[in-house]
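Subject: Structure handover

Hello,

Here is the structure I promised to pass on. Please open it before you read further, and keep it in view as you go through my notes.

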Amino acid sequence: MSTESYEDTLERLGELLSCKSDLGKVAAAKIEKLFGELEEQKSNKSSDAVERIRSGFIHFKTHKYLKKPSLYNALAKSQSPKFLVFACSDSRVSPSHILNFQPGEAFEIRNIANMVPVFDKTQHSGTGAAMEYPITELNVENILVIGHSRCGGIEALMSIKDDAAPHKSVFIENWVKIGTSAKNKIKQEYGDLSFQEQCTHCEKEAVNVTLGNLLSYPFVRERVEKGKLALRGAHYDFVKGTFELWELDVKITPAFAFS
């Protein structure tokens with residue numbers, strides 16, 4: 001394979017064409033044709049994307065929006081979802097699609113590996129703000145955290161070595177480290193299993209870590225203590241087509257003062 005740089009190639013092509021003016025015209029015509037083909041291809045891809053968006057909205061408006069006017073008229077005035085759902089951003093894991101949530105029924109927060117960091121006003125404030133509103137203003141009654149099969153975020157977490165060099169990703173590795181305690185537990189308890197089997201266990205254990213982290217938020221803990229908010233974990237396996245659901249066993253010790 002030639003090691004000639006792009007600039008060197010263009011320079012040499014220019015020299016050759018200057019020696020053969022007749023070839024220059026032929027080359028120019030071919031280059032112009034190539035540019036035309038590339039532009040057409042680019043235009044077609046753009047048109048395909050726009051058409052998909054357009055047809056998708058038309059389908060929604062025709063088959064859903066216009067068929068349920070009372071629902072959408074009510075939603076135009078207010079919302080009162082019963083669920084706050086944390087799910088992965090993975091394109092295969094849409095809570096509304098999986099659980100058939102209707103518009104206005106679930107407030108959804110999606111990120112890499114469906115994680116919630118420990119309460120910290122100065123870090124990950126975007127996650128805090130996204131959950132504070134539905135909990136304190138909309139008064140959701142249920143929080144559901146959904147993990148899933150073949151999660152790339154969990155695989156990234158499980159791949160981090162304790163003595164690893166600075167991470168290659170800009171954001172991902174630092175984010176998934178939120179689930180480090182889950183990784184450590186799985187490595188300790190299931191170290192004899194294959195990497196993929198460990199990841200499957202971690203997909204579920206990371207959900208438990210997030211459930212625990214949720215209790216570090218004062219507005220979550222307060223409502224859980226008063227019985228106004230329930231926390232649940234889940235795991236969706238899109239390979240097997242299964243959905244597991246479990247309760248968070250909350251044992252909160254009441255505050256007391258030392259004398």
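Start with helices α8 and α9, which are oblique to each other. The model is a predicted one. Helix α8 covers residues 180-189 and helix α9 covers residues 195-214. Their axes are 8 Å apart, and the packing angle is about 140 degrees.

Now look at the residues between them. On the α8 side, Ser 181, Ala 182, Lys 183, Lys 185, Ile 186 and Lys 187 take part. They meet Gln 198, His 201, Cys 202, Glu 205, Ala 206 and Val 209 of α9.

Helix α9 also packs against helix α6, residues 152-159. Here the axes come within 9 Å and cross at roughly 110 degrees. That makes α6 roughly perpendicular to α9. From α6, the residues involved are Ile 154, Glu 155, Leu 157, Met 158 and Ser 159. Their partners in α9 include Phe 195, Gln 196, Cys 199 and Glu 203.

Next, the strands. Is strand β3 buried or exposed? Seven of its seven residues, 142-148, are buried, so the rest of the structure largely encloses this strand. In a regular strand, side chains alternate between the two faces of the sheet. You can follow this in β3. Asn 142, Leu 144, Ile 146 and His 148 point one way. Ile 143, Val 145 and Gly 147 point the other way.

Which strands pair with β3? One is β1, residues 83-88, which pairs with β3 in the parallel sense over five bridges. Find Leu 84, which stands opposite Ile 143 of β3. Another is β4, residues 230-237, which runs parallel to β3 and is joined to it by seven bridges. There, Ile 146 has Ala 234 as its bridge partner.

Strand β4 has a further partner, β5, residues 242-247. This pairing is antiparallel, over six bridges. Asp 237 is bridged to Thr 242 in β5. The two strands form a hairpin with four residues between them. In this hairpin, Gly 241 takes a positive phi near 75 degrees.

Last, the annotated residues. An unreviewed UniProt entry lists Cys 88, Asp 90, His 148 and Cys 151 under "binding site". They are spread over 64 residues of sequence, yet they cluster in space, with a largest C-alpha distance of 9.1 Å.

Take two of these residues in turn. Asp 90 sits in the loop between β1 and α4. Its relative accessible area is 15%, and the cut-off for buried is under 20%, so Asp 90 counts as buried. Leaving out residues up to four places away in sequence, Asp 90 touches Arg 110 and His 148.

His 148 belongs to strand β3. With 1% relative accessibility, His 148 is buried as well. What does His 148 contact, beyond its neighbours within four places in sequence? The contacts are Cys 88, Asp 90, Val 93, Asn 114, Glu 203, His 235, Tyr 236 and Phe 238. Glu 203 also meets α6 from its place in α9.

Best wishes

Definitions and conventions. Residues numbered from 1 in each chain as written. Predicted model: local features only at pLDDT ≥ 70, side-chain atom pairs only at ≥ 80, totals over all residues. Heavy atoms only, no water. Buried < 20%, exposed > 50% of the residue type's maximum accessible area, 1.4 Å probe, protein only. Pairing = 2+ DSSP bridges. UniProt positions renumbered as here; feature names shortened; annotations may be inferred. Contact = heavy atoms within 4.5 Å. Axes fitted to C-alpha atoms, helices over the stretch in contact; angles between N-to-C directions. Parallel < 35°, antiparallel > 145°, perpendicular 65-115°, else oblique.
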